[in-house]
Amino acid sequence: MKKLLLLLAMAIMVIGLVAGCDKSADNGGDKKSGTIGFSVSTLNNPFFVSMKEGVEAQAKALGLKVKIVDAQNDPAKQANDISDLIASGVSVLIINPVDSAAISTSVEAANAKNIPVITVDRSADKGKVVSHIASDNVKGGEMAAELIEDKVGKKAKVAEIEGIPGASATRERGKGFHDEADKDLTVVAKQSADFDRTKGLNVATNILQANPDVQAIFAHNDEMALGAIQAAKSAGKPIFIVGFDGTADAVKAVQDGTLAATIAQQPDKMGKIAIDVAQKVLKGEAVEAKIPVDLKVVTK
């Protein structure tokens with residue numbers, strides 16, 4: 001009888017061990033580290049450096065671990081970076097997309113692994129995002145057009161330097177700008193410079209050569225606006241130039257009188273809010289689907 005009981009006990013132990021192994025095999029791929037992954041579009045732009053610093057400062061303050069990867073303005077690299085973050089077992093993903101359409105596949109890949117996604121500054125066209133943190137880019141574009149109309153005059157001849165074609169910020173800033181400009185200004189040229197200062201210089205140079213009567217330029221970010229300043233200086237033309245972001249270099253240019261204005265965002269605040277939202281997600285708390293960050297016009 002004792003021998004029978006001993007064999008029965010051993011059989012129960014074996015069954016328990018097998019069940020435990022099966023459970024581990026089923027759920028092992030879903031185990032998460034508690035680490036927050038942050039994919040930033042580029043660290044070759046002061047705006048996104050400031051966003052990264054906001055992320056790092058708030059993560060440190062809250063005692064959270066964050067892993068940051070730089071996509072270097074390359075959608076393919078961003079996709080690979082995010083794939084690596086997912087494979088490493090991050091618990092939450094914060095994404096600042098290079099391209100809003102291209103990032104959709106990565107968002108959906110995170111969804112498939114039940115990893116919550118937060119987007120910052122630029123949105124994703126597809127996939128489930130638990131929270132989007134951004135300024136009202138449409139409103140910012142409107143503000144730029146209204147400022148040009150007020151300072152340069154109705155029907156002023158204006159050029160537009162656009163950002164990366166696939167980025168939501170490009171579409172939204174352009175929409176807001178044209179909602180106002182198409183009514184009261186004369187937009188004579190527009191061309192993409194991919195949010196890059198050197199490209200902004202080259203595009204502005206070409207635009208001013210082809211349209212010597214341009215009176216104002218709206219650039220979708222400060223880096224391109226700073227490039228346009230150089231182009232206007234080389235052409236010897238007093239152009240009213242408006243940027244977007246409120247980076248330190250742009251604010252200094254406004255103070256120096258070389259940049260007329262910038263529509264200022266708060267990238268460091270965006271980064272801090274993203275970490276706050278990620279912490280709530282880690283705790284299983286509800287978060288807002290959209291979180292707006294204030295804009296303001298910076299002039300001399």
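**Figure 1. Overview of the predicted chain.** Of the 300 residues of the chain, 48% count as buried, where buried means under 20% relative accessible area, exposed means over 50%, and partly exposed lies in between, with a 1.4 Å probe and protein chains only. This is a predicted model, in which local features need pLDDT of at least 70 and side-chain atom pairs count only at pLDDT 80 or more, whereas totals for chains, interfaces and linings use all residues. Residues are numbered from 1 along each chain as its sequence is written, and side-chain values use heavy atoms, with hydrogens and water left out. The secondary structure comes to ten helices and twelve strands, taken as DSSP runs numbered from the N terminus (helices H or I, at least four residues; strands E, at least two). The accessible surface of the chain is about 14200 Å², and 53% of this belongs to carbon and sulfur atoms; such areas come from the Shrake-Rupley method with a 1.4 Å probe, and for residues only the protein chains shown count as cover. Among contacts between residues at least 6 apart in sequence, 71% join residues at least 24 apart, a contact being heavy atoms within 4.5 Å.

**Figure 2. Thr-42 and Asn-44 in the loop between E1 and H2.** Thr-42 is found in the loop between strand E1 (36-40) and helix H2 (46-62), and Asn-44 is found in the loop between E1 and H2 as well. Thr-42 is buried, with a relative accessible area of 6%, whereas Asn-44 counts as exposed at 64% relative accessibility. The side chain of Thr-42 reaches the backbone nitrogen of Asn-44 at 2.9 Å; a polar contact is a pair of N or O atoms within 3.5 Å, of which, within protein, one must be able to donate a hydrogen and the other to accept it, and residues adjacent in sequence count only if both atoms are side-chain atoms. Leaving aside neighbours within four places in sequence, Thr-42 is in contact with Phe-48, Asp-70, Gln-72 and Asn-73. From C-alpha to C-alpha, Thr-42 and Val-98 are 7.9 Å apart in space and 56 residues apart in sequence, while the C-alpha atoms of Asn-44 and Asp-196, 152 residues apart along the chain, are separated by 9.0 Å.

Figure 3. Not counting residues up to four places away in sequence, Asp-81 touches Val-69, Asp-70 and Ala-71. Leaving aside neighbours within four places in sequence, the contacts of Ser-100 include Arg-122, Ser-123, Ala-124 and Asp-125, together with Gly-166, Ala-167, Ser-168 and Arg-171.

**Figure 4. Positive phi at Asn-114 and Lys-155.** Most residues other than glycine have a negative phi. Asn-114, in the loop between helix H4 (104-112) and strand E4 (117-120), has a positive phi near 60° and is exposed, with a relative accessible area of 54%. Lys-155, in the loop between helix H5 (137-152) and strand E6 (157-162), has a positive phi near 65° and is exposed, with a relative accessible area of 52%.

Figure 5. On a 1 Å grid over the protein atoms alone, a cavity is a set of points where a 1.4 Å probe fits but cannot get out, a pocket is an open set with protein on both sides within 12 Å along at least five of seven lines, and lining residues have an atom within 4 Å of a point. Grid points are joined across faces, edges and corners, and a volume is the space filled by probe spheres set on the points. The count comes to one cavity of 30 Å³ or more, and about 40 Å³ of space lies in the largest cavity. Its lining consists of Asn-45, Phe-47, Phe-48, Asp-121, Arg-122, Ala-169, Arg-173, Phe-195, Asn-221 and Asp-245, and the elements that give two or more residues to this lining are H2 and helix H6 (168-184).

**Figure 6. The largest pocket and its lining.** About 210 Å³ of space lies in the largest pocket, whose lining includes Ser-123, His-132, Glu-172 and Lys-290. The elements that give two or more residues to this lining are strand E5 (131-134), H5 and strand E11 (290-292), with the largest share, three residues, coming from E11.
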